[in-house]
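Hello,

Here is the structure I promised to hand over. Please open it first, then read the notes below it.

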Amino acid sequence: MKRRDFIKAAGVAGLMPGITLSNQTLIPPSSFPDIIMQSSLKPTSGPLDIVMGSLPADLYGHVFIAEGIPLEKNHLSPNGKGALTRVDFSHGQAQFTRKMIETPSAILQDKLSGLLDPFYLLGGTVYFSPNLGFMNYCNTAPIYMGDNRFALSYEGGIHYEFDGTTLDLITPIGEVDEWKSSLPPIAEAFAPDKWLFPQVRTTAHPYFDFRTGECYTINYGGNMGTTGTRHGFVRLINWDMKGRFKIWTITDRLGKNIYIAATSHSLGVTQNHIIIFETATRIENTRILGFKDVTPQRHSTSAWIIRKQDLNSNQHQVIADKVELNFDTSDIVCDYDDYAGEITLYGQYLSAMDKSEQQFHNEKLWFGGYVSSETSGYPVAPVDVGGLVRARIQVLEHSAREITNDFRLIRDQAVCWDMNDPAYRGHYQFPDQIKHIYWAAIGYRPEHVVKRIASAYDDYPNRLFNNQQLPNFAIPSALIHMDCEQMKIANVYQFPEDCVMRTPQFMEKNNSYDQNDGYIITTVVRKHPSHENSNGKEYWIFDGKNLAQGPICILASKRLHFATTNHALWVPQISQRPNNAYKADIAGYFKEKLPSHSQQVQQAIKRYILPRFS
């Protein structure tokens, strides 16, 4: 029996009455590549070796890939110290350049000692300095802004622009005073004025609209989950990429501020509307105190729809209509075309998958044993199979509703485990109609099923597998081609078991316009490298029309390093950032704060930050 057929059969058997797997069942030795938790903190570059297949002659352009590197035990790896890699394709060859993402807070983290100046890891999630504030690694998504300008995003900090040719950060997007602190009032009251880095919560996917030459993003906070929601706020930001922000506080039709209890990873922008999502990545209020209790993510997605015609620059508020969608997701995209007020959305269905939770050292595993120090900080395994979703919303004059008859859900228990990261033509620029999306299914590993998570999600809605039916064998990563018109999985490739695949990215072919006519590059970490010239960190390239045939090329280098990769970006060409482009006065902000800080902090800022951001 082929492995794929065996997995399908095992999944079906697990659903049959009376057939269960004990959580004390022995599991095979782990094939997980622990090296995904390790990476260099130094810049590197060089040629990439073709260790399998060949590079297509028509492959060109540049791919930017962001990553997180855990710095200590229990550090949630996707939220780790940031690095950015650019892969360049030209004339049948590939090169890479990799640098650390050096935000001012990340720079200071390496320069400070003592008791109150350094950054401390709170709950494995965020670094905090009593004298400086909160860390911003800016490691989530590289985004093209147009005109040779590029942005990096982070849900817990201000967006930054970087130079695509040098990979150096240039400027924060917005002055610090244009962003509102996301701390609740009771915590903000204790925040010292000298803080350099206030906590700012925003979306991982600000939208730069090439059609209109403007950016939309958000700034939210004021509450702690479902506590203190009367202080909660969500601010919509419109930026012309030249000057100061236009900002509106979002309210419902009764005039009450809306709030976000979890996160807002994704942002939707159509021709006539903006959609604010509350996505399924909630971090418990007590986590920063060291408690590991789990509140399950909601099995729903709140969507607030704003009409662009209501954005009046003379007003400070804008009304949004709320629609509650009956699925949980984090990465959600939409058709730009919203003809007749109908919005079409595509997202991954997470099911009982908690993207905000990592494995903590020595905590109990579902199948027996304890989390090792080597994998502590890596995200927990899902405790159910996920899927892919289409939802549609009709926006009426004074309300909005889901078109429930158009809802579709795809679930394949052989491959749809731990759904992540969509890739499509025109990445971060929504096409009028999305026809093809390529998704990463990171997979399932029984040795990463944490008892704390399995117990918390025991009665989660719509589960196909209960805890006693969870497989005791690994289900490998899969690259999935979703046909959005037919709402089916058109093609799939399942990786060898020792691989972890993340971060697919679509690369266009020259003189081609079909959304499936291109190449898909993925990051792959292997326990057993594909070639003697590989260290286990590899790039696999696929034909977008035929994933099932496997990679057409594998690239590697002993000098190539990356850890847990997040999102990526492809552009056909890069050039130097315009000299007269926007630049915030972050240097002036630091100079104003300097006298309140220790000599150590002052010297570090003068030596390492002001020369770089002045």
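Aromatic pairs come first: the count is 30. Rings of Phe, Tyr and Trp (its six-membered ring) pair if their centres lie within 6.5 Å; planes under 30 degrees apart count as stacked, over 60 as edge-to-face and the rest as tilted. Take Phe-495 and Phe-542: their ring centres are 5.7 Å apart and their planes stand at 70°, so this pair is edge-to-face. The two come from distant parts of the chain, 47 residues apart. Phe-495 is in the loop between β29 (488–494) and β30 (499–508), and Phe-542 is in strand β32 (residues 537–543). Helices (H or I, at least four residues) and strands (E, at least two) are DSSP runs, numbered from the N terminus.

Buried means under 20% relative accessible area, exposed over 50%, partly exposed in between (1.4 Å probe, protein chains only).

A note on the source: this is a predicted model, where local features need pLDDT of at least 70 and side-chain atom pairs count only at pLDDT 80 or more, while totals for chains, interfaces and linings use all residues. Residues are numbered from 1 along each chain as its sequence is written, and side-chain values use heavy atoms, with hydrogens and water left out.

Back to the rings. One aromatic cluster is formed by Phe-64, Tyr-144, Phe-150, Phe-162 and Phe-210. Charges also sit over rings (NZ of Lys or CZ of Arg within 6 Å of the ring centre and within 35 degrees of the ring normal). The charged end of Arg-211 is over Tyr-336, 3.6 Å from the ring centre. Lys-537 lies over the face of Phe-562, at 5.8 Å from the centre.

Next, salt bridges. The whole structure has 23 of them. Each is a side-chain nitrogen of Lys or Arg within 4 Å of a carboxyl oxygen of Asp or Glu.

Arg-211 is in the loop between β13 (207–209) and β14 (214–221), and Asp-432 is in the loop between β26 (419–423) and β27 (436–441), so the pair ties together parts 221 residues apart in sequence. Arg-211 is partly exposed at 42% relative accessible area. Asp-432 is partly exposed too, at 46%.

Arg-452 and Glu-363 meet at 2.8 Å, N to O. This pair also links distant parts of the chain, 89 residues apart. Arg-452 is in helix α4 (residues 451–456), and Glu-363 is in the loop between β22 (342–349) and β23 (387–395). Both residues are buried.

Glu-508 forms a salt bridge with Arg-425, with 3.4 Å between the closest N and O atoms. Glu-508 lies in strand β30 and Arg-425 in the loop between β26 and β27, so parts 83 residues apart in sequence are tied together. Arg-425 is buried, at 11%. Shared partners also join Arg-287, Glu-357, Glu-363 and Arg-452 into one salt-bridge network.

Now the strands. Two strands pair if DSSP finds at least two bridges between them. How buried is β27? Six of its six residues are buried, so β27 is largely enclosed by the rest of the structure. In a regular strand the side chains alternate between the two faces of the sheet. His-436, Tyr-438 and Ala-440 point one way from β27, and Ile-437, Trp-439 and Ala-441 the other way.

β27 pairs with β26 in the antiparallel sense over four bridges. Pro-422 has Trp-439 as its bridge partner there. Six bridges join β27 to strand β28 (residues 478–483), also antiparallel. Ala-440 stands opposite Leu-479 in β28.

Strand β34 (residues 564–571) is largely enclosed as well, because eight of its eight residues are buried. Strand β3 (residues 61–69) and β34 pair antiparallel over six bridges. One of the partner pairs is Gly-68 with Thr-564.

Last, an open sheet. Its three strands have the order β6-β7-β8, with antiparallel pairing. β6 and β8 (133–134) are the edges, each with a single partner strand, so one side of each has no neighbour in the sheet. Two bridges join strand β7 (residues 126–129) to β8. Phe-128 has Phe-134 as its bridge partner.

Best wishes
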